[in-house]
Amino acid sequence: MKVHVQFFSRLRDLAGKAEIDLEVAEGSTAMDLLEIIYSTRPALRDWDKSILVAAGVEFVPRDYPLKAGDQISVMPPVQGG
């Protein structure tokens with residue numbers, strides 16, 4: 001199934017793109033998706049402990065079950081100013 005991934009802030013720079021479409025297996029979780037991303041963009045793995053994941057407009061845990069057509073956001077911790 002296909003999911004759309006958007007990268008934000010510093011992670012966008014490390015990913016080399018603002019967004020990508022990825023094919024994932026049925027039953028995949030947000031963590032599975034991150035592992036796929038890390039395999040092709042290893043610099044992002046250094047941020048793993050602080051990366052936030054959202055589906056649509058809601059933050060989701062790493063065990064979130066992906067659905068076909070999900071809009072997934074991968075972002076660093078939110079910082080105020």
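**Salt bridges and core**

Reply: Start with arginine 62. Its relative accessibility is 24%, so arginine 62 counts as partly exposed. Keep in mind that this is a predicted model.

The side chain of arginine 62 meets that of aspartate 48 in a salt bridge, at 2.6 Å from N to O. Arginine 62 sits in the loop between β4 (58-59) and β5, while aspartate 48 sits in the loop between α2 and β3, so the pair ties together parts that are 14 residues apart in sequence.

The count comes to 2 salt bridges. Arginine 45 and glutamate 35 form one of them, at 3.0 Å from N to O. This pair links distant parts of the chain, 10 residues apart: arginine 45 is in the loop between α2 and β3, and glutamate 35 is in helix α2. Arginine 45 has 40% relative accessibility, so it counts as partly exposed.

Now the core. The largest nonpolar core has 23 residues. Val5, Phe7, Leu33, Ile37, Ile72 and Val74 have the most contacts inside it. Several elements each supply at least two of its residues, including β1 (2-7), α1 (10-15), β3 (52-55) and β5 (71-75). Helix α2 gives the most, with 5 residues.

Look at isoleucine 72 in this core. Leaving aside neighbours within four places in sequence, isoleucine 72 is in contact with residues including Val5, Leu33, Val53, Tyr64 and Leu66.

Methods:
Residues are numbered from 1 along each chain as its sequence is written. This is a predicted model: local features need pLDDT of at least 70, side-chain atom pairs count only at pLDDT 80 or more; totals for chains, interfaces and linings use all residues. Side-chain values use heavy atoms; hydrogens and water are left out. A nonpolar core is a set of buried Ala, Val, Leu, Ile, Met, Phe, Trp, Tyr and Cys residues joined through side-chain atoms within 4.5 Å. Buried means under 20% relative accessible area, exposed over 50%, partly exposed in between (1.4 Å probe, protein chains only). Helices (H or I, at least four residues) and strands (E, at least two) are DSSP runs, numbered from the N terminus. Contact means heavy atoms within 4.5 Å. A salt bridge is a side-chain nitrogen of Lys or Arg within 4 Å of a carboxyl oxygen of Asp or Glu.
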